[in-house]
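Today I'm opening a new structure and jotting down what I look up in it.

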Amino acid sequence: MNGLNNRECPKPINYWDRPFVSVIIPVFNDAKRLKICLKALENQTYPQSLYEVIVIDNDSDKIEDVQDIVCQFGQAIATYEKLPGSYAARNKGIALAKGEIIAFTDADCIPSVNWIEEGVKNLLQVPNCGLVAGKIEIFFQNLSCITPVELYESITAFPQKKLVEQHKYGATANLFTFQKVIERVGLFDATLKSNGDVEWGRRVNSFGYKLVYTDDACVLHPARYSWKQLYIRTIRLAGGAYNLQTRQDNSFIRSNFIFLKNLIFDLTPPLMFVFHTFLDSRLQGLEQKIKVSLVMFFVRYVGAWEKLKLKTGATASRE
């Protein structure tokens, strides 16, 4: 035999030898959309014998609604986490998971029919992969009457590719990882109401794992359509960002400097955003561009006000 034949070649990945997958879904007062999500998960191309769905009710107002819905699906089991926050709920799901692979999505998401299969494939084919973040596609409530908030969401919400490549994390609305990665880097920070996926993803990156984005493993996510919904999301994200920043920086002087820097940024008119909005081909006509620009002003100033409230002793909101 020559030297080439003696050399051991890497074995190709056998996708027929598929690992067991645990899909984890936190839910809070969203039983109606949870049912749609579970229907999509029941009809996956991945073999039903090789995945489970763990739904964690995070102290919803009517817990029996969640339990009744979960009981309608053979792949799903229901559990309960009283500690408020989706990351505490996800940790509860991880503790019960039997899978070698852990997949995360949200109750208001609709996974594509091949979501599990494509997520697993991408996770297995990249050496030293720590997480795979899939595409999150925004859809509107009524195409004949799209609101300014929906337009804003359509160009700003869940830019997974950018989150992975530039910010080193993926949103947990569509995320795959290995159980062994979680065992090594740790669970989500259960004290965070928002931005827990930011902190965890960057922790995975800091351990030297590769972070991967794929279009193939896709979920649909409804755009927020009302000012109230956007307000709730904005104060939740502002609270998560504030808590994460203060937790990571123990220096009083540096912490306050960063707070002031971020506050000044939030209070500065978002002129660059407006400039790019007017160049964005996804928006049709001057009216849509103006509407989206005005929404951004709303988001910036609501976020700034929420951070000021938190600085003076308020508690971060979960919704």
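Predicted model: local features only at pLDDT ≥ 70, side-chain atom pairs only at ≥ 80, totals over all residues.

**Entry 1: the cavity**

I looked for cavities of 30 Å³ or more and found one. The volume of the largest cavity comes out at about 30 Å³. Which residues line the largest cavity? I wrote down Leu38, Leu41, Glu42, Val53, Phe73, Gln75 and Ala76. Sorted by class, that lining has five nonpolar residues, one polar and one charged. Helix α2 (residues 31-42) gives the largest share of the lining, with three residues.

**Entry 2: α2 and α3**

I noted the crossing as right-handed. On the α2 side, the contact uses Ala31, Leu34, Lys35 and Leu38, and α3 brings Asp65, Val66, Ile69 and Val70. That contact has six nonpolar residues, two charged and no polar ones. I also spotted that Leu38 is in the cavity lining and in this helix contact.

**Entry 3: α11 and α13**

Next I picked helix α11 (residues 252-267) and helix α13 (residues 285-311), whose axes are 8 Å apart at an angle of about 155°. Are they roughly parallel or roughly antiparallel? Anything over 145 degrees counts as roughly antiparallel, so α11 and α13 are roughly antiparallel to each other. Here α11 passes α13 in a left-handed crossing. From α11 I listed Asn256, Phe259, Leu263, Phe265, Asp266 and Leu267 as contact residues. From α13 I listed Arg300, Tyr301, Gly303, Ala304, Lys307, Leu308 and Lys311. The class count for this contact is seven nonpolar, two polar and four charged.

**Entry 4: α12 and α13**

I stayed with α13 and checked helix α12 (residues 271-279) against it. This pair packs at an angle of about 155°, with the axes 9 Å apart. That makes α12 roughly antiparallel to α13. The crossing is right-handed. I found Phe273, Val274, Thr277 and Phe278 of α12 in the contact. Their partners on α13 are Leu286, Lys289, Ile290, Val292, Ser293, Met296 and Phe297. By class, I get eight nonpolar, two polar and one charged.

Key: Residues numbered from 1 in each chain as written. Heavy atoms only, no water. 1 Å grid on protein atoms, 1.4 Å probe; cavity = no way out; pocket = protein on both sides within 12 Å on 5 of 7 lines; lining within 4 Å. Points joined across faces, edges and corners; volume = space filled by probe spheres on them. Helix = DSSP H or I, 4+ residues; strand = E, 2+ residues; numbered from the N terminus. Nonpolar A, V, L, I, M, F, W, Y, C, P; charged D, E, K, R; others polar. Axes fitted to C-alpha atoms, helices over the stretch in contact; angles between N-to-C directions. Parallel < 35°, antiparallel > 145°, perpendicular 65-115°, else oblique. Left-handed = near helix turned anticlockwise from the far one by under 90°. Contact = heavy atoms within 4.5 Å.
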